[in-house]
Amino acid sequence: MCWVLVYLFPFFQPSFLLKSCPNHADPRNLTGVSEFLLLGLSEDPELQPVLAGLFLSMYLVTVLGNLLIILAVSSDSHLHTPMYFFLSNLSLADIGFTSTTIPKVIVDIQTHSRVISYVGCLTQMSLFAVFGGMEDMLLSVMAYDRFVAICYPLYYPVIMNPCFCGFLVLLSFFLSLLDSQLHNWIALQITCFKDVEIPNFFCDPSQLPHLACCDTFTNNIVMYFLAAIFGFLPILGILFSYYKIVSSILRVPSSGGRYKAFSTCGSHLSVVCLFYGTGVGGYLSSDVSSYPRKGAVASVMYTVVTPMLNPFIYSLRNRDIQSALRRLRGRIL
């Protein structure tokens, strides 16, 4: 992955020794910085084994739960529909999202080290943006799928054909990849840092520019542009889709029909609220709180807890997934 970063960015210097902020009162040479320090969740040595066990447990539950969703969808022909095709891709993105950060946290706790190299930080930041963006885009695509299914049921098989569904997933991936590389471009423009400690337990794309001691006006403009394109547009798409869905459901005469129509959106709506609620809460707490460790703890909610709960939400509220999991268990046994 490191050579990919070098290939994509020709202005990336091979030595990547970053200059620290110059001290005009001190005529010493500038110090080279080739690594960062990540903020741990706790400094208490007695809590470290507990944290390692907790993160390992949540990581295993996340990976196994999402793998079961993928296996259930792929092995059951009844679930070969656009909704479950997007769900399996969402589960794959959840596995990648947690695998970007949690294994590094567990290793750091076990080795009592919070150091991450510069290239390692860029790599983690890139993968985090790719899989986080994929989840963001796929939730918007799934909202559009429910909008077509409820508002235009007769045209649903024609509109959501396999080629178009594959195109939407590929489009989500390439947009997320573009987002991650733009974040890397912003990071590579920073040539001096006022601190080497990142106030989170992973290389958060939103935190690294805050460490710059040079003028970051252009970088801030690009960051706001990325937030508008890759953040607010998917949210607006979801809100518009559900506005149309609710308007269409309210026109259904029977209460049973309204419940049946809206029940297909319940799981997706729960995941949307969980994903954006914890994400916004995590970023607000990191900006408002004067204690960086509180922001790091809040980040656990959307980086670990949300991907872990997604399989439970879809399996507990979806009879098709439950039936597919029972058939899958029967084949295994």
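A patch, as the word is used here, is made of residues with over 30% relative accessible area and no salt bridge, and nonpolar side chains are joined into one within 5 Å. The legends below refer to a predicted model.

**Figure 1. A nonpolar surface patch that includes L236.** Six residues, F225, I229, F232, L233, L236 and L239, make up a nonpolar patch on the surface. Together they present about 620 Å² of accessible area. L236 belongs to helix α7, which covers residues 217-250. With a relative accessibility of 51%, L236 counts as exposed, because the term applies over 50%.

Figure 2. An unreviewed UniProt entry carries the annotation "transmembrane region" for residues 50-72, 84-103, 115-134, 154-175, 221-243, 264-284 and 296-316. Residues 115-134 are 85% helix and 15% strand, with 28 Å between their end C-alpha atoms.

**Figure 3. Helix α3, its bend and its surroundings.** Helix α3 runs over residues 82-111 and has 30 residues. From its first C-alpha to its last it reaches 44 Å, close to the 44 Å expected at 1.5 Å a residue. At S99 the helix bends by about 35°, and the proline P103 follows within four residues. Of the 30 residues of α3, 22 are buried, so the helix is largely enclosed by the rest of the structure. After α3 comes H112, which has a positive phi, near 55°.

Figure 4. K104 and D108 form a salt bridge in which the closest N and O atoms are 3.1 Å apart. Both residues lie in α3, four residues apart, about one turn of the helix. An α-helix has 3.6 residues a turn, so residues three or four places apart point the same way. K104 is partly exposed, at 23% relative accessibility, whereas D108 is buried, at 11%.

**Figure 5. A salt bridge between R327 and D76.** A search of the whole structure finds three salt bridges. In one of them the side chains of R327 and D76 meet, with an N to O distance of 2.3 Å. R327 lies in helix α10 (residues 319-332) and D76 in the loop between α2 (48-75) and α3, so the pair ties together parts that are 251 residues apart in sequence. The relative accessible area of R327 is 36%, which makes this residue partly exposed. D76, by contrast, is buried, with a relative accessible area of 4%.

**Figure 6. A salt bridge between R146 and D145.** Side chains of opposite charge can pair when their charged atoms come close. R146 and D145 form a salt bridge, and the closest N and O atoms are 3.0 Å apart. Both R146 and D145 are buried.

**Figure 7. Q189 and P209.** Q189 is part of helix α6, which covers residues 162-189. At 33% relative accessibility, Q189 counts as partly exposed. Q189 and P209 are 20 residues apart along the chain, and their C-alpha atoms are separated by 9.5 Å.

Notes. Residues numbered from 1 in each chain as written. Predicted model: local features only at pLDDT ≥ 70, side-chain atom pairs only at ≥ 80, totals over all residues. Heavy atoms only, no water. UniProt positions renumbered as here; feature names shortened; annotations may be inferred. Helix = DSSP H or I, 4+ residues; strand = E, 2+ residues; numbered from the N terminus. Patch = residues over 30% accessible without salt bridge, like charges linked within 9 Å, V, L, I, M, F, W, Y side chains within 5 Å. Areas by Shrake-Rupley, 256 points an atom, 1.4 Å probe, with all protein chains shown as cover. Salt bridge = Lys/Arg side-chain N within 4 Å of Asp/Glu carboxyl O. Buried < 20%, exposed > 50% of the residue type's maximum accessible area, 1.4 Å probe, protein only. Expected span 1.5 Å × (residues − 1). Bend = angle between axes of the 7 residues up to and from the residue.
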